[in-house]
Amino acid sequence: MENEGATEERIFSAARTVFQKRGFNGTRMQDIADEAGINKALLHYYYRSKDNLFEAVLNEALTRIGPKLFAYLEDDIPLEEKVEKFVVNYIETVSKHPFIPGFIMHEIHTNRERLTRFLSTQVRAFIKLDKVREQLDEGIRDGKYREISAEQFFIHIFSLCAFPFAARPTLQAILSLDDATYQNILDERKKEIPKLILNAIKK
């Protein structure tokens, strides 16, 4: 007989698979139970609601990928290289976990307080801007960059990386793009975003 730990891991694996395929709104608890090969009653024994399961899966995913997602911010490498590595890493990582932007958008509309609490405790620890601030200040003093704060700099990069994932269904619909074409556009942005950011801060 399978132990509780193995059953819970099977549920987690099934939930990741189904959420990635169907998103939060398109997923039913029965879908996850079917994917895990268990009955719905057993699934509810471990997780009372889809919200609870989604939050648990997201927490596990961000705990695992969060440090990797923002790792380059504190690396001792030139700022230009840091931007390029951050953008490539972000797009490749989130492409492998496409349910994350959908969950965040869902939480913004349905449970903003929980999202704020979650991000402040689970994600904020990964985002350190001290090294970026130091590099920007040095570039500003040397006349290389225009005046810009580390916070504004980070918001620019993060927004340009995150928006195409968060708005993917809308953008695909209005631009009539299939999944393969849209993924190609995301891959192209690995080069487009760094050029845009670095040209914007040059003096």
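**Rings and a buried lysine**

Ring pairs join Phe 70, Phe 86, Tyr 90, Phe 154, Phe 158 and Phe 165 into a cluster. The model is predicted, and it holds 11 aromatic pairs.

Reader: Happy to start with the rings! Why is the aromatic pair of Tyr 45 and Tyr 46 called edge-to-face?

Author: Their planes stand at 90°, and an angle over 60 degrees counts as edge-to-face.

Reader: What makes Phe 70 and Phe 86 a tilted pair?

Author: The angle between the planes is 35°. Stacked would need under 30 degrees and edge-to-face over 60, so this pair is tilted. With 6.1 Å from centre to centre, the rings also meet the 6.5 Å limit. Both Phe 70 and Phe 86 are buried.

Reader: Which parts does that pair tie together?

Author: Phe 70 sits in the loop between helix 4 (50–69) and helix 5 (79–96), while Phe 86 belongs to helix 5, so the pair ties together parts 16 residues apart in sequence.

Reader: Now to Lys 190: why does this residue count as buried?

Author: Lys 190 has 19% relative accessibility, and buried means under 20%, so Lys 190 falls in that class. Lys 190 is part of helix 11 (residues 179–201). Leaving aside residues up to four places away in sequence, Lys 190 touches Val 87, Val 88, Ile 91 and Glu 92.

Note on methods: Residues are numbered from 1 along each chain as its sequence is written. This is a predicted model: local features need pLDDT of at least 70, side-chain atom pairs count only at pLDDT 80 or more; totals for chains, interfaces and linings use all residues. Side-chain values use heavy atoms; hydrogens and water are left out. Helices (H or I, at least four residues) and strands (E, at least two) are DSSP runs, numbered from the N terminus. Buried means under 20% relative accessible area, exposed over 50%, partly exposed in between (1.4 Å probe, protein chains only). Contact means heavy atoms within 4.5 Å. Rings of Phe, Tyr and Trp (its six-membered ring) pair if their centres lie within 6.5 Å; planes under 30 degrees apart count as stacked, over 60 as edge-to-face and the rest as tilted.
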